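Reader: Before we turn to the charged side chains, could you show me the model and take me through them step by step?

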Amino acid sequence: MSKYRICCLQVCAGILLSGVFSLAPKASFAQDEGMTFEHAQTRTAHARRQMESMRRELKDAEEREESALREVNELKQRYERAQQEAQSATQARQSAEEKFAQAREQWSEESARLKRIHENRNNPTSDR
């Protein structure tokens, strides 16, 4: 994600700087009056090439952004699924713990009953 942000910042900075540099010469109309048609045509062609280059950079940046956002959405969905699975596993563990506690209690009762029966069997007169 940080690589994506750095890349976006680089693209945005490049677009901003190229925009500033391309606007600076246009601000001085006094210089444009002495310019020849051919020179103006060359500058216009250069500005168009620069605009097309910036359009391609913008398109690339938009594609990278869309890709990163898709990845974020996929990761969020995976996280939510994993969280639901973890909750299900926790509930299953708690249920198993309850069943184990019940089984242990039942075993304890049965064990105590067996012990009493065994003792009564060995000492039949002590109970009566």
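Author: This is a predicted model.

Reader: Is aspartate 60 buried, partly exposed or exposed?

Author: Aspartate 60 has its place in helix 3, which covers residues 37-122. Buried means under 20% relative accessible area and exposed means over 50%, so aspartate 60, at 38% relative accessibility, counts as partly exposed.

Reader: How far apart are the closest N and O atoms of glutamate 52 and arginine 55?

Author: Glutamate 52 and arginine 55 are three residues apart in helix 3, so about one helical turn separates them. Glutamate 52 is partly exposed, with a relative accessible area of 23%, and arginine 55 is likewise partly exposed, at 47% relative accessibility. The two form a salt bridge, and their closest N and O atoms are apart by 3.3 Å.

Reader: How many salt bridges does the count come to?

Author: A salt bridge requires a side-chain nitrogen of Lys or Arg within 4 Å of a carboxyl oxygen of Asp or Glu. Glutamate 97 forms one with arginine 93, the closest N and O atoms being 2.7 Å apart, and arginine 113 forms one with glutamate 110, at 2.6 Å between the closest N and O atoms. With the bridge between glutamate 52 and arginine 55, the count of salt bridges comes to three.

How values were computed. Residues are numbered from 1 along each chain as its sequence is written. This is a predicted model: local features need pLDDT of at least 70, side-chain atom pairs count only at pLDDT 80 or more; totals for chains, interfaces and linings use all residues. Side-chain values use heavy atoms; hydrogens and water are left out. Helices (H or I, at least four residues) and strands (E, at least two) are DSSP runs, numbered from the N terminus. Buried means under 20% relative accessible area, exposed over 50%, partly exposed in between (1.4 Å probe, protein chains only).
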